[in-house]
Amino acid sequence: MKRNDAPKVSIPLEGKVPLGDSRQAAVALAYSAADSAPKMVAKGRGLIAEQIISRAREHGVYVHESPELVALLMQVDLDSRIPPQLYVAVAELLAWLYRMEQGMEPAQTP
């Protein structure tokens, strides 16, 4: 498989971000083995967050709820790679998601 042909993983996350804004927030990350780090491909609050979540579910993509991680990821610019400080948290989420998709018993929810 060529470097650019690597399968991509999409990770939508949702949650009410504890920043004084009670609207729902959502982000979506994309990652493939060819990438150096996951990339922020969508983020928003309110109606935009609802659309991110709705489109993910329409396409059978699992939506993970994590208000704390969403709060951190909302600070990442659109079309940017996540910062190294979030690698471990996102890697744990990817590993958990992989186990779920493979029908394996997830160790615990990240």
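Which residue forms a salt bridge with Asp-35? The partner is Arg-81, and the closest N and O atoms of the pair are 3.9 Å apart, where a salt bridge is taken as a side-chain nitrogen of Lys or Arg within 4 Å of a carboxyl oxygen of Asp or Glu. The model is a predicted one, in which local features need pLDDT of at least 70 and side-chain atom pairs count only at pLDDT 80 or more, whereas totals for chains, interfaces and linings use all residues. Residues are numbered from 1 along each chain as its sequence is written, and side-chain values use heavy atoms, with hydrogens and water left out.

By this rule the count of salt bridges comes to 1. Asp-35 lies in the loop between strand E2 (24-32) and strand E3 (39-45), and Arg-81 in the loop between helix H2 (67-73) and helix H3 (87-101), so the pair ties together parts that are 46 residues apart in sequence; helices (H or I, at least four residues) and strands (E, at least two) are DSSP runs, numbered from the N terminus. Asp-35 is buried, with a relative accessible area of 17%, while Arg-81, at 36%, is partly exposed; buried means under 20% relative accessible area, exposed over 50%, and partly exposed in between, with a 1.4 Å probe and protein chains only.

The buried residues of H3 are Val-90, Leu-93, Leu-94, Trp-96 and Leu-97. Seen down the helix axis, these buried residues fall within an arc of 165 degrees, so they line one face of H3, the arc being that of the directions from the axis to the C-beta atoms. Just after H3, Gly-103 takes a positive phi of about 75 degrees.

The largest nonpolar core has 16 residues, and those with the most contacts inside it are Val-27, Leu-29, Met-40, Leu-73 and Ile-82; such a core is a set of buried Ala, Val, Leu, Ile, Met, Phe, Trp, Tyr and Cys residues joined through side-chain atoms within 4.5 Å. E2, H2 and H3 are the elements that give two or more residues to this core, and its largest share, 4 residues, comes from H3. Apart from this core lies another, of 8 residues, among them Ala-26, Ala-49, Ile-52 and Ala-56.

Finally, Arg-45 has its place in strand E3 and, at 22% relative accessibility, counts as partly exposed. Arg-45 and Met-74 are 29 residues apart in sequence and 9.5 Å apart in space, C-alpha to C-alpha.
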